[in-house]
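Keep the view open as you read.

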Amino acid sequence: MSTPVTAPATERATEPATESATESAPGYRAGHTLPLRVEAMRQWRRRRTMVMAVVLGALPLILIAAFAIGGTPGREGGRVTLMDTATASGANFAATCLFVSAGFLLVVPVALFCGDTVASEANWSSLRYLLAAPVPRARLLWSKLAVALAFSLAAMVLLPGVALVTGSIAYGWGPLELPTGGSLPAGDAIPRLALVVAFIFVSQLVTAALAFWLSTKTDAPLGAVGGAVGLTIVGNVLDAVTALGSWRDFLPAHWQFAWADALQPQLEWGGMLKGAAVSVTYALVLFALAFRGFSRKDIVS
Amino acid sequence: MKLRIPRSRALAGAVAAFAVLAGGGTWTAVASGSDAPTVHREERIMSMDGVRIDTSFFTVDGADGVDGAAGKRPAVLLGHGFGGSKRDVQAQAEQLARDGYAVLTWSARGFGKSTGKIGLNDPDGEVKDVSRLIDWLAERPEVRLDADGDPRVGVSGSSYGGAISLLAAGHDKRVDAVAPQITYWNLADALFPDGVFKKLWAGIFINTGGGCEKFENRLCEMYERVAVAGKPDAAARDLLTAHSPSAVGDRIKVPALIVQGQNDSLFPLDHADAMAKAIDGNGAPVAVDWIAGGHDGGDRESARVEGRITDWFDRYLKGEKGTDTGPAFRVTRTGGVDSTDGAAKLRGAASDRYPGLEAGRRQLKLAAAKPEQHFTNPAGANPPAISAVPGVGALSQLSGLGVGLSLDFPGQNARFETAKLASDLRVTGSPTVKVKVKSDRDDAVLFGKVYDVSADGRQQVLPSQLVSPVRVSGAGAKDGATVELRLPAIDHEVRAGHRLRVVLAATDLGYASPADPAAYTVSLEGDGALTVPTATGVKTQAAPLPWWVWGLPAIGAAVAVALLLTARRRTVAPAPDPALAEVPLQITGLTKKYAKSADRYAVRDLSFRVERGQVLGLLGPNGAGKTTTLRMLMGLITPDSGEIRVFGHAIRPGSPVLSRVGSFVEGAGFLPHLTGRANLDLYWQATGRPAEDSRMDEALEIAGLGDPSPSSRLRSTRGDPIDRAVRTYSQGMRQRLAIAQAMLGMPDLLILDEPTNGLDPPQIREMRDVMIRYAAAGRTVIVSSHLLSEVEQSCTHLVVMDRGQLMQAGPVAEITGGTDTLLVTTEGEVSEALAEKVAALPGIGTAVRTDEGLLVRLDGASPSALIGELVRLDVPLTGVGPNRRLEDAFLTLIGGTSA
């Protein structure tokens with residue numbers, strides 16, 4: 001208050017309060033609070049969002065540089081992987097980028113965007129002002145979840161998208177050579193790649209839900225993100241225990257590479273449907289736990 | 001074959017004569033699983049016709065499906081494959097025994113522990129052995145009889161064992177049902193297709209039997225003769241034909257489940273086709289099942305096939321009319337690879353009738369670079385083209401995935417191609433093509449095959465690695481003979497954009513072809529089209545998915561809904577109280593315990609009321625429960641009991657009435673990466689209210705952040721703190737921004753918690769003015785503080801709290817007595833009696849002892865009058881001054897209430 005309060009401001013500040021008999025302030029509608037656009041604006045300019053975008057956008061360029069330095073990958077050993085056909089075409093390169101990043105790199109943005117979203121508001125103390133604005137709690141979670149999932153999806157689209165463009169420039173626009181033999185014309189390959197991205201997104205819903213639930217439980221953003229990534233790693237470890245037999249079918253990690261079924265000459269739905277079913281099931285329960293816990297939680301941050 | 005089948009009764013008698021039990025038989029009980037009944041196994045060597053046949057007999061006690069108390073059950077004979085023994089089928093035998101059958105397995109002549117020479121299912125050898133085994137079964141007490149000496153019996157087996165089941169049914173009328181798997185109809189057709197010697201398989205066949213000397217002499221001689229000549233003769237054909245089921249084809253009149261392999265270059269699908277046609281023609285029920293694997297390898301689908309065989313026998317041996325024996329025709333199709341375990345995925349396609357190999361024919365026009373194609377047969381037929389290679393055959397099932405191992409040498413073949421297919425085409429059966437073949441020799445052998453060529457032409461796949469040999473000999477060869485070439489029977493999907501390529505090669509690794517060099521000319525005949533069967537009636541079944549693929553998400557959704565519904569407690573807020581519509585705040589009996597604490601109260605039974613236009617000071621030391629109360633007021637914390645009403649509306653988390661409340665509680669809360677202005681903009685947008693209602697500039701001005709002069713606004717684009725990221729702000733800046741945020745929209749009730757923390761004295765003074773002005777026109781301000789000095793100058797009313805409880809509420813003057821609290825400092829300690837004396841003086845409210853002296857609240861008396869009285873009472877005065885410390889104010893309050 002280094003500046004003196006001027007007369008006009010004083011007059012306005014002392015205008016009589018009106019509409020005091022109404023329940024809410026004029027123009028307030030609970031359903032219009034925290035619009036998705038506003039929440040997206042709040043999250044967009046954050047450094048972590050930018051860093052994630054740069055990492056995912058730069059990865060294809062790094063891979064192109066690596067192939068340029070190290071030479072075109074050759075078929076070594078009996079196992080044929082997507083890596084072997086990476087430089088066959090832009091579509092192949094995009095598929096390879098997904099292949100190298102689906103296991104972990106794409107888990108991180110999902111855990112980050114969903115795990116950080118509520119916990120960081122609590123950490124900044126801005127959560128209580130949003131809730132007192134008032135943004136209804138379910139509405140707040142809904143907006144935050146929708147934006148976090150949209151950012152996660154954007155991250156997953158960004159990587160193969162950049163890879164497809166840069167790969168097509170570097171290796172040409174051509175059919176997708178399949179590691180199992182055969183090829184898909186470029187026109188067919190793009191919908192297949194879209195299906196791959198869609199499946200990876202659905203299969204990561206469980207990570208998203210876990211991170212989101214933890215986010216409503218803790219005020220430490222890193223705790224929620226790290227917890228979700230950690231549990232994903234535990235799932236991978238458990239999936240490596242073959243003694244678990246068919247119980248592994250119910251581990252989300254068991255299906256994380258089922259999207260490879262979409263890159264076969266004959267599209268196989270079985271694995272992806274199973275993986276999606278497991279992921280969606282866990283996600284539904286965890287999302288419900290998040291909404292349930294948050295709706296009755298005492299906000300002390 | 002004019003072998004007369006002896007009447008079963010006569011045979012039964014004969015058997016008693018020479019089928020002596022060589023050993024008493026050994027009993028073995030096979031316990032498996034906890035629920036499964038125990039299977040008894042009797043090992044027994046039976047002597048018959050000069051040879052000893054090693055048998056095993058499997059039964060269970062009182063198995064399910066055994067009708068009647070006598071436990072009579074149908075019998076099943078299980079034969080084994082070539083080169084194997086009865087042990088190969090033990091697991092299946094035990095399962096069938098558990099399913100309620102008496103199962104007899106045996107090692108065929110020359111295999112396992114059985115003696116004798118291999119007769120290739122000789123009607124006088126192996127086939128008669130089976131009849132003797134049926135005789136033996138007829139004597140067993142467990143076995144159900146259709147007539148005396150005629151048991152109810154089915155026969156099954158793979159390959160060699162499959163052929164014996166067909167032969168037994170043809171030669172012995174007592175057989176009631178058969179289920180042959182991957183076997184031959186005519187062995188001569190299998191080993192000498194169209195007069196071409198299948199040398200690789202034939203050699204493996206002889207070798208698997210243990211070498212030529214293990215076979216009956218005439219078979220061994222025949223093989224050696226053909227192998228040396230490189231082509232079969234009529235005698236060889238006749239010999240093998242006489243050993244084949246086709247010889248008794250018109251007498252196989254029992255229900256037959258025919259299982260044939262798609263990856264089988266030894267006994268290809270046309271053998272099953274011949275079986276099905278013959279047996280169906282005899283009027284018996286037939287079902288055909290093309291499995292994925294075969295003699296070339298691949299998935300034999302044992303579990304599914306054995307289950308289907310059991311169903312078949314349940315229906316036709318046990319007579320269970322309700323048992324579903326499956327579709328009349330089923331073919332296993334290879335999908336993709338399961339990425340989680342690397343196995344090829346199989347799914348079934350079915351039809352309610354067997355379509356044969358020529359159903360749904362379509363004509364595909366063939367074209368070639370030259371209408372007449374010339375190529376040569378290399379001398380010595382070397383190097384040979386490669387199609388199926390026994391042993392590496394496991395690769396061939398990958399042909400469904402677009403991978404294959406096949407090789408053609410240039411100059412040794414003719415090729416014709418279709419145009420690119422406009423749509424996907426499923427070939428089910430044998431494609432045919434009419435060609436004219438000319439040779440410069442009398443004897444020409446060609447190998448026909450159909451490749452699936454990828455759209456770019458770089459990859460070609462030979463479905464199941466199969467070829468069809470054709471021999472053109474005699475005078476016709478030189479003049480040009482027209483041949484209707486039946487290409488291998490397959491089930492294969494050709495994708496849109498692919499082509500089909502018909503290749504006629506001069507050589508093939510698996511076959512013997514003429515060693516003499518030859519020049520061939522091949523051209524298309526007739527309309528020059530490839531006829532492909534599509535069997536459109538065969539529909540692919542949906543891939544079987546476990547129940548949980550759909551069930552699990554449904555369960556998850558149900559659990560989620562249950563979790564959300566059970567959480568909805570106390571959501572229905574009580575109706576608004578119209579009487580309180582003009583009362584900014586009324587708190588009644590508010591109580592909140594600390595989490596996980598039974599008796600520590602943060603707020604206890606707090607009640608007070610704030611009227612419009614008041615500036616209420618919420619006063620109390622740190623930990624008095626002020627902030628907890630304000631958080632409950634904001635709907636952030638749910639009270640344990642009691643009620644908060646703002647303008648008559650009860651507060652719940654997110655109550656709409658909170659939109660009329662602006663708040664600043666426990667410090668600022670901003671997004672550090674955004675500027676101050678962006679923070680306020682986004683906060684206001686988050687409320688969803690119209691931008692023009694925010695009165696942002698006004699709030700900024702009040703908070704000392706705005707700058708109304710246009711010149712400075714221009715300047716402010718870079719230097720003004722409001723346009724810098726909040727993370728660069730000082731504590732005081734954040735504080736002011738937070739207060740500005742609380743004032744956005746000029747709420748009817750403004751809550752400020754310790755607003756002057758971090759402000760410097762002039763700002764604190766202005767803050768007071770702001771609060772007073774804000775309330776002047778009917779708005780209400782609640783300001784909490786632990787400093788009496790701060791609140792008493794700006795507030796009209798006070799609520800004093802300590803340890804969660806209300807100490808006093810009322811107008812400021814009433815509580816503090818305006819400036820009428822005086823601290824009287826004395827020399828030495830004041831006695832209790834003296835304090836009481838002072839308190840009893842007229843015009844004195846309270847007098848309380850402190851460490852420094854006496855705290856006195858005036859109640860009408862003037863300070864000078866007090867000093868006079870104190871002097872009169874001989875109080876050792878050192879000084880009298882106004883008291884501004886909250887602790888002391890509290891002491892006076894406590895003293896006042898207790899006095």
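Which residue stands opposite B:Phe447 in S25(B)? B:Ala505 does. Before we go on, a word on the ground rules: this is a predicted model, in which local features need pLDDT of at least 70, side-chain atom pairs count only at pLDDT 80 or more, and totals for chains, interfaces and linings use all residues. Residues are numbered from 1 along each chain as its sequence is written, while chains are lettered from A and ligands numbered from 1 in the order in which they are written. Helices (H or I, at least four residues) and strands (E, at least two) are DSSP runs, numbered from the N terminus.

Now back to that pair of residues. Strand S20 of chain B covers residues 443-453, and 7 bridges join S20(B) to strand S25 (residues 499-505) of chain B in an antiparallel arrangement. Two strands count as paired if DSSP finds at least two bridges between them. S20(B) also pairs with strand S22 (residues 468-473) of chain B, again in the antiparallel sense, over 6 bridges; here B:Val445 stands opposite B:Arg471. A further antiparallel partner is strand S21 (residues 460-461) of chain B, joined to S20(B) by 2 bridges, with B:Val453 facing B:Gln460. S20(B) and S21(B) form a hairpin with 6 residues between them, and in its turn B:Gly457 has a positive phi of about 75°. Because 10 of its 11 residues are buried, S20(B) is largely enclosed by the rest of the structure. A residue is buried if 20 or more other C-beta atoms lie within 10 Å of its own, exposed if 12 or fewer, and partly exposed in between, with C-beta atoms placed from the backbone.

Next, find an open sheet of 4 strands in chain B, with the order S30-S29-S32-S33 and antiparallel pairing. Its edge strands are S30 (601-610) and S33 (649-650), each of which pairs on one side only. Strand S29 (residues 585-593) of chain B runs antiparallel to S30(B), with 6 bridges between them, and B:Leu590 has B:Leu606 of S30(B) as its bridge partner.

From strands we turn to helices. Two packed helices are described by the angle between their axes and the distance between the axes. The axes of helix H3 (residues 126-139) and helix H4 (residues 160-171) of chain B come within 9 Å and cross at roughly 70°. That makes H3(B) roughly perpendicular to H4(B). Axes are lines fitted to C-alpha atoms, for helices over the stretch in contact, and angles run from 0 to 180 degrees between N-to-C directions; under 35 degrees counts as roughly parallel, over 145 as roughly antiparallel, 65 to 115 as roughly perpendicular and the rest as oblique. H3(B) contributes B:Glu126, B:Val127 and B:Val130 to the contact, and H4(B) contributes B:Ile164, B:Leu167, B:Ala168 and B:His171. Two residues are in contact if their C-beta atoms, placed from the backbone, lie within 7 Å.

B:Glu224 lies 12 residues from B:Cys212 in sequence and 8.4 Å from it in space, C-alpha to C-alpha.

Finally, bring both chains into view. Chain A has 11 helices and 2 strands, and chain B has 23 helices and 42 strands. Of the 301 residues of chain A, 51% are buried; for the 899 residues of chain B, the figure is 52%. Where the chains meet, 87 residues of chain B are in contact with 83 residues of chain A. On the chain B side, the largest share, 12 residues, comes from H12(B). Helix H14 (676-687) is also among the elements of chain B that give two or more residues to this side. Among the buried residues of H14(B) are B:Leu680, B:Tyr683 and B:Trp684. Their cover includes helix H2 (36-44) and helix H6 (126-132) of chain A, together with H15 and helix H17 (731-743) of chain B. After H14(B) comes B:Gly688, whose phi is positive, near 75°.
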